[in-house]
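Please keep the sequence and the structure in view while reading.

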Amino acid sequence: MKFFRNLLIFTGVVIIGIGLLSFYTGTALLHPLIWYILGFMVFVTALAYYVSRLGVGYDPDNFQLYYFGSMGFRMILSIAVIFVYIYMYSENELQFVFNFFALYFLFTGFEIYSLITNFAPQLKKQS
């Protein structure tokens, strides 16, 4: 539950940042679909954490397997979204990709930090 609370707090901070950028720059820096990208990132981050958490619950010795599996799934899903957007729409493609990967790296960093702080003490106890 601590992860989901922290995810909501982090998402709130990102929303404030996006809102300020949107207010001051309009669509010069932010793609009009930025809010959908943000929702996608929150969903995928929560799903990846859930899968990693289940994996550690079933088999604590293979934490890396579950973590890298969820990261690979996240990457494939993200690339699929980018390809679908580029195939379906032909405007502001570069801006979409930059916004997408800016949020991707922010949420990936948050997930890595959260997983290390949450699972490292549990993994040390079992050794």
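A crossing of two helices is called left-handed if the near helix is turned anticlockwise from the far one by less than a right angle, and right-handed if clockwise. Helices (H or I, at least four residues) and strands (E, at least two) are DSSP runs, numbered from the N terminus.

## Basis of the model

This is a predicted model, in which local features need pLDDT of at least 70 and side-chain atom pairs count only at pLDDT 80 or more, while totals for chains, interfaces and linings use all residues. Residues are numbered from 1 along each chain as its sequence is written, and side-chain values use heavy atoms, with hydrogens and water left out.

## Overall make-up

The chain has four helices and zero strands, so that, read along the sequence, its pattern is α-α-α-α. Taken along the principal axes, the box filled by the C-alpha atoms of the chain is roughly 50 × 30 × 15 Å.

Of the 127 residues, 35% count as buried, where buried means under 20% relative accessible area, exposed means over 50%, and partly exposed lies in between (1.4 Å probe, protein chains only). Contact here means heavy atoms within 4.5 Å; among contacts between residues at least 6 apart in sequence, 74% join residues at least 24 apart.

The expected span of a helix is 1.5 Å times one less than its number of residues. For the 24 residues of α1 this gives 34 Å, which agrees with the 34 Å between its end C-alpha atoms. Its buried residues are Phe3, Leu7, Phe10, Thr11, Val14 and Ile18. An α-helix has 3.6 residues a turn, so residues three or four places apart point the same way. After α1 comes Gly26, whose phi is positive, near 65 degrees.

Axes are lines fitted to C-alpha atoms, for helices over the stretch in contact, and angles run from 0 to 180 degrees between N-to-C directions. On this basis α1 (residues 2–25) and α2 (residues 34–58) pack at an angle of about 165 degrees, with their axes 11 Å apart. That makes the two helices α1 and α2 roughly antiparallel, given that angles under 35 degrees count as roughly parallel, over 145 as roughly antiparallel, 65 to 115 as roughly perpendicular and the rest as oblique. The crossing of α1 and α2 is right-handed. On the α1 side the contact includes Phe3, Phe4, Leu7 and Thr11, and on the α2 side it includes Ile34, Trp35, Leu38 and Thr45. By class, this contact of α1 with α2 has 12 nonpolar, three polar and no charged residues, where Ala, Val, Leu, Ile, Met, Phe, Trp, Tyr, Cys and Pro count as nonpolar, Asp, Glu, Lys and Arg as charged, and the others, Gly among them, as polar.

Helix α3 (residues 63–88) has 26 residues and reaches 38 Å from its first C-alpha to its last, close to the 38 Å expected. Its buried residues include Phe63, Tyr67, Ser70, Met71 and Arg74.

The axes of α2 and α3 come within 8 Å and cross at roughly 160 degrees; the two helices are therefore roughly antiparallel to each other. The crossing of α2 and α3 is right-handed. Among the residues that make the contact are Phe40, Met41, Val44, Thr45 and Ala48 of α2, together with Phe63, Tyr66, Tyr67, Ser70 and Arg74 of α3. By class, the contact of α2 with α3 has 13 nonpolar, five polar and one charged residues.

## Individual residues

Which residues does Thr45 contact beyond its neighbours within four places in sequence? Thr45, found in helix α2, is buried with a relative accessible area of 0%, and its contacts are Phe3, Leu7, Arg74, Phe107, Phe110 and Glu111. Glu111 in turn belongs to helix α4 and is also buried, with a relative accessible area of 0%. Residues up to four places away in sequence aside, Glu111 touches Thr45, Ala48, Tyr49, Tyr67, Ser70, Met71 and Arg74.

Ile112 lies in helix α4 (residues 93–126) and counts as partly exposed at 33% relative accessibility. The C-alpha atoms of Ile112 and Val84, 28 residues apart along the chain, are separated by 27 Å. Arg53, in helix α2, likewise counts as partly exposed, at 37% relative accessibility. Between the C-alpha atoms of Arg53 and Tyr66, 13 residues apart along the chain, the separation is 8.5 Å.
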